[in-house]
Amino acid sequence: MSLWIKYLSFLLSYIAFIAVLPLSAEPSSSWLSLRQLPALFSVETSFSCPAASWPPSDVGDLLTPQIPDGELQTILREIDPERIEEYIKKLVSFGTRHTLSNQTDPNRGIGAARDWITEQMKEFAAASGGQMEVTVPNYIQGVASRIPFPVRISNVVATLKGSVDPGRTYVISGHYDTRCTNVLNYTCDAPGADDDASGVAVSLELARVFATRKPAATIVFAAVAAEEQGLYGSNFLAQTLKNTSVNVQGMFTNDIVGSSTADDGTKDPFTLRIFAEGSPTTEDAARASLRAQIGGENDSPARELARFVVEVAKNNYTQIDIPVIYRLDRFLRSGDHRPFLEAGFTACRFTEPNENFAHQHQDVRVENGVQYGDLTDFVDFDYIARVGRVNAASLWSLANAPMSPQNVTVNTTLLGNDSQFSWIMSNETLIEGYEAVWRPTNAPFWTHVVPLGMVNTATLDLSKDNVIFGIRAVGKNGYRSPATFPFPG
């Protein structure tokens with residue numbers, strides 16, 4: 001059958017699938033009918049590109065999104081915007097959460113916030129049957145940039161141990177510290193509702209929902225400190241995991257994920273940006289040069305992770321679109337995924353689509369009729385629940401899939417119009433086999449998939465010169481790993 005007949009058949013099948021999806025069991029009044037969002041989540045807009053129709057090929061089938069199974073659908077329904085509102089309002093009530101603020105006052109300052117987050121995490125852990133452990137790792141940071149005197153920096157970390165592959169770990173974080181206009185003013189009110197109580201609320205709510213479940217791999221839910229002073233808390237967490245040889249396969253930071261309204265009043269409550277770096281800064285010169293030579297700049301581990309997020313989390317169950325931004329971060333800004341990337345881990349950042357800078361890093365005031373300050377008035381709790389669903393779908397799918405294939409290579413020793421691959425076969429109990437995925441070189445997402453079986457080599461009748469390939473693992477439960485980009489070998 002021709003490629004176009006395959007495509008038409010697939011499209012008709014997908015439309016039929018959407019038509020029979022359940023339209024009830026909404027978790028809140030904000031849960032839209034699935035038929036209300038046909039354009040946002042269509043397969044064509046996500047996994048095909050009209051400009052990327054060459055080369056025509058019958059190798060493989062058109063790739064379809066990984067639709068949430070029954071357990072994941074239940075998880076997504078349990079994410080509650082009312083609880084998210086409670087978390088954020090409580091965090092704001094501490095007045096300031098500046099890293100340099102009081103650490104012993106029970107009502108005001110970063111210490112009170114730290115203790116409350118810890119109590120919440122321990123409450124969630126109590127329902128886990130011993131699978132979730134809560135710790136508060138900390139250290140004394142000496143005088144440094146934006147740190148005028150020694151200060152204790154504490155992270156709150158809830159670790160849900162994997163039931164099948166506990167040695168493989170995924171991390172989600174938000175930062176609980178705040179600031180106002182002067183980054184060294186630690187006595188001013190700095191409510192930090194959006195930046196970043198919203199991200200902490202996502203970590204808290206997912207810890208609550210996941211605590212009673214048994215993901216195959218380990219998941220870490222973190223609230224880190226001192227982001228505003230220079231990413232100190234995240235760096236401490238990343239280095240601790242690296243120094244203890246924890247196998248972190250993916251990390252997401254949620255930072256400024258609370259507002260759906262831009263500074264000009266434009267509302268976009270169904271979009272969440274994911275930032276993914278290109279060529280890893282940790283690659284040595286030879287590896288970076290080879291990546292550029294073979295056209296792999298857009299296939300860094302972070303970009304493969306971002307593609308995975310779109311495939312598993314852009315759907316009518318999360319109700320949100322996920323544009324991938326081909327950058328480490330926004331201009332003049334940074335985030336807690338960066339220390340993880342610098343430690344050699346794969347990491348991405350989630351951020352709302354349109355930021356209002358009058359509501360970030362500002363003293364609370366009214367000036368020329370404009371309200372400044374990061375107040376709860378400007379936070380959209382239903383939107384944050386959707387952000388939580390994207391994170392939940394991504395983490396659950398990662399943790400229950402096999403690990404991405406290791407040491408994937410493409411044979412470039414001979415001229416030829418086919419493509420030969422090899423990789424290390426995994427001995428994971430989760431794994432059922434492997435798939436090749438491919439896309440035209442100018443397509444943003446994988447467009448085709450080729451089942452390979454339980455093998456560690458494959459030859460495809462499609463030229464490696466003309467397309468981008470990846471190899472991914474398939475679990476017995478149907479979950480797929482992120483793809484691994486092959487290097488010559």
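Is the disulfide of cysteine 180 and cysteine 188 left-handed or right-handed, given the torsion about its S-S bond?

**Figure 1. The chain as a whole.** The predicted model shows a chain of 489 residues, of which 58% are buried. Its secondary structure consists of twelve helices and 20 strands. Among the contacts with a separation of 6 or more, 77% are between residues 24 or more positions apart. The chain exposes about 19300 Å², and carbon and sulfur atoms supply 52% of that area.

**Figure 2. The disulfide between cysteine 180 and cysteine 188.** A search of the whole structure finds one disulfide. The bond joins cysteine 180 to cysteine 188, with an S to S distance of 1.8 Å. In general, a disulfide is a covalent bond between the sulfur atoms of two cysteines. The torsion about the S-S bond of cysteine 180 and cysteine 188 is about -90 degrees, and the disulfide is therefore left-handed. Cysteine 180 has a relative accessible area of 0% and is buried. Cysteine 188, at 14% relative accessibility, also counts as buried, because the cut-off for a buried residue is under 20%. A further cysteine, cysteine 348, is buried with a relative accessible area of 0%.

**Figure 3. The buried side of helix H3.** Helix H3 spans residues 70-78, and its residues Leu72, Gln73, Ile75 and Leu76 are buried. They lie on the same side of H3, because they cover an arc of only 160 degrees around the axis. An α-helix has 3.6 residues a turn, so residues three or four places apart point the same way. Which helices do the buried residues of H3 pack against? Their partners are helix H6 (193-210) and helix H12 (381-400).

Figure 4. The peptide bond that joins aspartate 195 and aspartate 196 is cis, with omega at about 5 degrees. Aspartate 196 lies in helix H6. This helix is one of those against which the buried residues of H3 pack.

**Figure 5. Asparagine 400 and its contacts.** Asparagine 400 has its place in helix H12. With a relative accessible area of 8%, asparagine 400 is buried. Which residues does asparagine 400 contact when its neighbours within four places in sequence are left aside? They are Lys214, Pro215, Ala216, Leu430, Asn477 and Tyr479. Asparagine 400 and proline 215 are 185 residues apart along the chain, yet 6.0 Å separates their C-alpha atoms.

Figure 6. Alanine 226 is found in the loop between strand E7 (217-224) and helix H7 (227-230). Phi of alanine 226 is near 60 degrees, a positive value in a residue other than glycine. Alanine 226 is buried, at 0% relative accessibility. Leucine 231 belongs to the loop between H7 and helix H8 (232-243). Phi of leucine 231 is near 65 degrees, again a positive value in a residue other than glycine. At 13% relative accessibility, leucine 231 counts as buried.

**Figure 7. The largest cavity.** How many cavities of 30 Å³ or more are there? The count comes to six. The largest cavity has a volume of about 70 Å³. Its lining is formed by Asp194, Ser259, Thr261, Glu352, Asn356, His359, Gln360, Asp374, Leu375, Phe378 and Val379.

**Figure 8. The largest pocket.** The largest pocket has a volume of about 860 Å³. It is lined by 33 residues, and those closest to its centre are Pro301, Gly344, Thr346, Gln406 and Thr484. Strand E8 (247-254), helix H9 (285-293), helix H10 (301-313) and strand E14 (406-410) are the elements that give two or more residues to the lining.

**Figure 9. Alanine 292 in helix H9.** Alanine 292 has its place in helix H9, and this helix gives two or more residues to the lining of the largest pocket. Is alanine 292 buried or partly exposed? At 42% relative accessibility, alanine 292 counts as partly exposed.

Methods:
Residues numbered from 1 in each chain as written. Predicted model: local features only at pLDDT ≥ 70, side-chain atom pairs only at ≥ 80, totals over all residues. Heavy atoms only, no water. Buried < 20%, exposed > 50% of the residue type's maximum accessible area, 1.4 Å probe, protein only. Helix = DSSP H or I, 4+ residues; strand = E, 2+ residues; numbered from the N terminus. Arc of directions from axis to C-beta. Contact = heavy atoms within 4.5 Å. Areas by Shrake-Rupley, 256 points an atom, 1.4 Å probe, with all protein chains shown as cover. Disulfide = S-S within 2.5 Å. 1 Å grid on protein atoms, 1.4 Å probe; cavity = no way out; pocket = protein on both sides within 12 Å on 5 of 7 lines; lining within 4 Å. Points joined across faces, edges and corners; volume = space filled by probe spheres on them.
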